[in-house]
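Subject: Structure handover and findings

Dear colleague,

I am handing over the structure below. Please look through it alongside the notes that come after it.

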Amino acid sequence: MFIRKPSLSCCESDVTPESVYFGRRRFIRAIASSAAMASLAPPLRAQPEDYPEVAGPVPSWLRERLTGVQRTISASDGDAVTPFSDATTYNNFYEFGPDKGDPARYAPRMSVAPWAVQVDGEVARPGTLSLEDLLPTSGLEERIYRLRCVEAWSMVIPWLGIPLSGLIKRFEPLSSAKYVRFETAVMPDVMPGVRSNFALIDWPYVEGLRLDEAVHPLAFLAVGMYGRELPNQNGAPLRLVVPWKYGFKSIKSIVRISFVREQPRTTWQSLAPSEYGFYANVNPAVSHPRWSQATERRLPSGLFSPDIRDTLLFNGYADEVAGLYRGMDLRRNY
């Protein structure tokens, strides 16, 4: 196992113009970097038994893929994993309602089997794939990442899944593909937030990444957490995890992945562009208009003894990702 330690040495000048060129050679280098990262050190094996507080059986489709799961990345020396009970009952998933407890209350009604993902746009191999077809038959990874919400709270989650770069490589993006657009399922029958007359969101929920961000070795597609499948409220059966960005970028319950030429207009960017930018990189120096981002509350956190921590640039992953944004003005490209 290798440990990612936070770095505070990055400044705004260390960060790639939005117009940065991304060609075939750069794509190949990113894929190679992903493979190199995974092989840097002998990783520890991760098993469901590592998290005895998580009850319930493992479904057959996941159990078959848990053989030889490797823990390849851990958050840092001082970051304890958030208790499963907190990680699954304090969630933002507006399809199920605006309150933190709404997803855990309503999401179990959603059926995630069978599940299909449409892949389209600027790729040589478009199509619609089942969840089982998307995943390798073995070789899932466990990655323990920090999760930082734009609302200034944070967790540490052990995710199960695959590097996003490997999946992207299978689809063979064309040189015209500059961005990846992701779309969440819309199920009005079981999602009270979708059918609410008070919802301001134009469903489906949409997120996006620049292609070089998407193939970065840290970008991850999760199908499980804490050694078992994803609970519905956490984005079952397939969600994105981009640990250096605010949590709303890590879109849940993905049903569509599109490779596009232009920067996609994302959900929160469309709702409030002055508050939520496309990049959404964690940055203690750029406050949200309604609250500071300089500190965060690590959950669980007591009312009288809250666990308040300084926020780290890029959520502590600056050493790995700052080069993606070299030369950019991070206050303007927030």
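This is a predicted model: local features need pLDDT of at least 70, side-chain atom pairs count only at pLDDT 80 or more; totals for chains, interfaces and linings use all residues.

Residues are numbered from 1 along each chain as its sequence is written, and side-chain values use heavy atoms, with hydrogens and water left out.

Confidence

The average pLDDT (the predictor's confidence in each residue, from 0 to 100) is 87 for the chain, and 87% of the residues score at least 70. Residues 1-27 stay under 50, and the model has 91 contacts (heavy atoms within 4.5 Å) for them beyond four places in sequence. The pLDDT is also below 50 over residues 33-42, a stretch with 14 contacts beyond near neighbours in sequence.

Pockets

A pocket here is an open set of points on a 1 Å grid over the protein atoms alone, where a 1.4 Å probe fits, with protein on both sides within 12 Å along at least five of seven lines; lining residues have an atom within 4 Å of a point. Grid points are joined across faces, edges and corners, and a volume is the space filled by probe spheres set on the points.

The largest pocket has a volume of about 480 Å³. It is lined by 29 residues, of which N92, Y94, G247, F248 and K252 are the closest to its centre. Strand 7 (residues 153-163) contributes the most to this lining, with 4 residues; strands (E, at least two residues) and helices (H or I, at least four) are DSSP runs numbered from the N terminus. The lining of the largest pocket divides into 18 nonpolar, 6 polar and 5 charged residues, where Ala, Val, Leu, Ile, Met, Phe, Trp, Tyr, Cys and Pro count as nonpolar, Asp, Glu, Lys and Arg as charged, and the others, Gly among them, as polar.

The second largest pocket holds about 250 Å³ of space. Among its lining residues are Y94, F198, W203 and W268. By class, this lining has 9 nonpolar, 3 polar and no charged residues.

Aromatic pairs

Rings of Phe, Tyr and Trp (its six-membered ring) pair if their centres lie within 6.5 Å; planes under 30 degrees apart count as stacked, over 60 as edge-to-face and the rest as tilted. The count by this rule is 14 aromatic pairs.

Y90 and W153 make an edge-to-face pair, 5.1 Å centre to centre with 80° between the planes. Y90 lies in the loop between helix 3 (84-87) and helix 4 (102-106) and W153 in strand 7, so this pair ties together parts 63 residues apart in sequence. Y90 is partly exposed at 26% relative accessibility, whereas W153 is buried at 6% (buried means under 20% relative accessible area, exposed over 50%, partly exposed in between; 1.4 Å probe, protein chains only).

Y179 and F278 are also edge-to-face, at 5.9 Å centre to centre and 80° between the planes. Y179 is in strand 8 (residues 179-184) and F278 in the loop between helix 9 (267-271) and strand 14 (295-298), 99 residues apart. Y179 is buried at 8%, and F278 is buried at 4%. Ring pairs link Y179 and F278 with Y279, F314 and Y325 into a cluster.

Q233

Q233 sits in the loop between strand 11 (228-229) and strand 12 (239-241) and is buried, at 11% relative accessibility. Its C-alpha atom is 8.4 Å from that of N92, 141 residues away along the chain. Not counting residues up to four places away in sequence, Q233 touches T88, N91, F93, P103, A104, A107 and K252.

Regards
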